[in-house]
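Q: Please go through the labels used for this structure and set each one against the rule behind it.

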Amino acid sequence: MAKKTQELDMNGQMKQHTISLLVENRFGALNRIAGLFSAKGYNIDSLTVGPTEDTSVARMTIVTRGDDQIIEQITKQLNKLIDVIKVIDLTFEDFVERELALIKVQSTSTTRAEIILIAEIFRAKVVDLSPKTLTLEVTGSQQKVDAIINMLKPFGLKEVARTGRVALKREFQGEA
Amino acid sequence: MTSTKHHEKHHQKLMTGAEIFVRSLVEEGVEVVFGYPGGATIGIYDALYDITDIKHVLTRHEQGATHAAEGYAKATGKPGVVLVTSGPGATNTVTGIADAYMDSVPIVVFTGQVATKLIGNDAFQEADIVGITRPITKHNYLVKDVRDLARIIREAFYIATTGRPGPVLVDLPRDVMAQKTVFEYPKTVSIRSYNPVVEGNIKQIKKAADVINEAKRPVLYVGGGVINANAAHELRTLAEKLQCPVTTTLQGLGAFPEDNKLSLGMLGMHGTWYSNYAVNYCDVLIAVGARFDDRVTGRTDAFATEAKKIHIDIDPSAIGKNVAVDVPIVGDVKYVLRHLIQYVKPLDTLDWLATIEQWKKEHPLRYKHDEHLRAQYVIDRLGELTKGNAIVVSDVGQQQMWTAQFFRWKHPRTNITSGGLGTMGFSLPASIGVAFGRNDLPIFSISGDGGFQMNAQELSTIACNKLPIKIFIMNNGYLGMVRQWQELFWRKRYSQTCIHSPDFVKLASAFGIPAYRITKNEEVDDAIHRALNHHEGPILFEFVVEREENVYPMIPAGQTVNEIIDNPEPVNSPESSVHNKGTFIVHKKG
């Protein structure tokens, strides 16, 4: 059995797990993995996929939720797929995670300055500007992205595109 | 294509994909292929035309080909091979593939496909079979380049037969099969993401032994994994050393001889009363190559609650999936058992075995035996007259459960049945595969009147190939198992379960198969003897049996052993025919 984790978060939802996968970078692999989640009825909060330093290998980062038994099954079922090379549940590791979002927010000459101030606080960049909108690029943890979106809501969100999370395990720093 | 044919082998000779395909099968030692040609596979069939090493069996439907391959694989332990065309040919294999996936049967299915440039264009006879079968295969491939073909075929056989066995599908586009390259069959397989664990962890095995050595009331719960691993001998050694009773799942029948006093027969929904009680009261449950299926456990939170559970399985995902276990051991069952035997001590289970013996006396398997012919009696006599020395291919439903209950299972790979998927129409085509794989034991195909009609076209395959299959149809005029549920749980509202059949004797005659209708108990022994003595091709018997018989015992779906419904027939009634696994058989002649 996996290490016992706190199964519910503060909102009473099942705990999120960030699972990092190395898979064969070939046609059908993404389908197999996505198909597994739908066939078994597992949740996907986000899923990202992209190439790695080795062109034959792709990395997927899947954020999912479930109790320990479900998460254990998810990792076992993923391991069972022939195209999956490695499965790491980062929840048990010290890891770095980032998400990028593009946020198109309505702005007028009167609100523009306030929006830019919010952007500065979150270290977001203005990447597009029009008389009626402002598009920001923000990078950070999911909580940070949630927070800036929350702050911008009152101005009127036109469109939001989020990448979903990517994550890597932190390396050992050596003895202090 | 030129008309020149090179029969001599030349090292650098270029071969078409079709030729490479056929040569690869020869390299794999494939003796028989079950299939059906079509537009997209004409080239492959042309390449097969000159090959004498491989027998091709033309079934009458692609589903039949797939079940035949399953029957061949289950009876021999070797992979079954299917070759069909694109589109409908491919989609017709889906049921058989799903069946093989559920029951861990190694088959390799080759499907024709439209030319690569047409894929996705809704071309004639195009179906995305790789997409369709993704969730029901262990792995599947679309071959896009002829240079990958030999490697993919090698991998397909390797994946199908190693680890937890299962079906692998390879989709072969028509143009790829016409492309040419140098043929070189890979000697080894290396798939970096696929390395099934074979050797169980010794620490875990020792831990399991420690648990077992403290047991007072152990039970071995044995599934098809023991048969897949060819570990019946090790199982028996372990059981006898421990003096531990053994119950098997439907797929496990044959892994442990039922004339052994430690045998409890099958467990689960229609298992013996005493096997279910033994599991309920055991203090250590040793699950070997089984998967805690819902037909075995009933309500999982009430399953074997007093027991420490040890689970040995080759598939890590089978462990902890349905029921939490105390000692998981991932590994090849044969390897693990061989080591476990060394670390366990003989146990004192005399009291436990005495308790079970008492249960056997009080709640034996039984059926009413009066002037009416019953399917149970036919199976009971078949078990008695063959002494378990037969391969029995059952279908799905009541006759399947009675076969499981009343046959005297003795040898591995003699019980061929569709368990996980429960595919009606399995028996007749599966028996074809058995007949091509085995000739050491008589082969019986047992179906109900419903299941038989689902793949009755395969009578033609059986007749044409003169296969020595003894076909038994238990005709009760109902889809009996569903009717039983309607009787017990749906107020006898027999919605669409009364089924009309043709005259099976005349039907068989149309195929040139000798056939007989049996209606009386007194005719049964003679029929079985006649079947056993008939060696020239198939023979068919229709048994007209009691219409509204129920399979007992029964644990209703999702319930517990406390809700078990035992046979209402009293044990001591003069008409009761009593049958116990692992004890002396009390048997009354009809």
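Q: Why is the pairing of Asp315(B) with Lys80(A) called a salt bridge?
A: In this predicted model, the side chains of Asp315(B) and Lys80(A) meet at 2.9 Å, N to O. The rule asks for a side-chain nitrogen of Lys or Arg within 4 Å of a carboxyl oxygen of Asp or Glu, so the pair qualifies. In general, side chains of opposite charge can pair when their charged atoms come close.

Q: How many salt bridges are counted between chain A and chain B?
A: The count is two. Over all chains, the rule gives 41 salt bridges.

Q: What makes Arg162(A) and Asp146(A) a salt bridge, and where do the two residues lie?
A: Their side chains meet at 2.9 Å, N to O, and the cut-off is 4 Å, so the label applies. The pair links distant parts of the chain: Arg162(A) is in strand E8 (residues 157-162) of chain A and Asp146(A) is in helix H4 (residues 142-152) of chain A, 16 residues apart.

Q: Which residues of chain A lose the most area to chain B?
A: The area buried between chain A and chain B is about 1700 Å², and carbon and sulfur atoms give 49% of that. On the chain A side, Phe27(A), Arg32(A) and Ile82(A) lose the most, together 40% of what that side buries. The contact takes 20 residues from chain A and 19 residues from chain B.

Q: How many residue pairs are in polar contact across the interface of chain A and chain B, and which elements of chain A take part in the interface?
A: The rule finds 11 residue pairs in polar contact, with both residues at pLDDT 80 or more. On the side of chain A that touches chain B, the elements that give two or more residues are helix H1 (29-40), helix H2 (68-80) and strand E4 (84-89) of chain A. H2(A) gives the most, with six residues. By class, that side of chain A has six nonpolar, six polar and eight charged residues.

Q: Why is H3(B) called roughly parallel to H5(B)?
A: The axes of helix H3 (residues 62-76) and helix H5 (residues 94-102) of chain B cross at roughly 25 degrees and come within 7 Å. Angles under 35 degrees count as roughly parallel, so H3(B) is roughly parallel to H5(B).

Q: Which residues bring H3(B) and H5(B) together?
A: From H3(B), Gln63(B), Thr66(B), His67(B) and Glu70(B) meet Thr95(B), Gly96(B), Ile97(B), Asp99(B) and Ala100(B) of H5(B). This contact has two nonpolar, five polar and two charged residues.

Q: How do you know that the peptide bond from Tyr552(B) to Pro553(B) is cis, and where is Pro553(B)?
A: The bond is assigned cis with omega near -5 degrees. Pro553(B) is in the loop between strand E21 (539-544) and strand E22 (576-579) of chain B.

Q: What sets Gln243(B) apart in its backbone, and where is Gln243(B) found?
A: Phi of Gln243(B) is near 55 degrees, a positive value in a residue other than glycine. Gln243(B) is found in the loop between helix H11 (232-242) and strand E10 (246-248) of chain B.

Note on methods:
Residues numbered from 1 in each chain as written. Chains lettered and ligands numbered in written order. Predicted model: local features only at pLDDT ≥ 70, side-chain atom pairs only at ≥ 80, totals over all residues. Heavy atoms only, no water. Contact = heavy atoms within 4.5 Å. Buried area = accessible area lost by both parts, 1.4 Å probe. Polar contact = N/O pair within 3.5 Å; in protein donor to acceptor, adjacent residues only side chain to side chain. Helix = DSSP H or I, 4+ residues; strand = E, 2+ residues; numbered from the N terminus. Nonpolar A, V, L, I, M, F, W, Y, C, P; charged D, E, K, R; others polar. Axes fitted to C-alpha atoms, helices over the stretch in contact; angles between N-to-C directions. Parallel < 35°, antiparallel > 145°, perpendicular 65-115°, else oblique.
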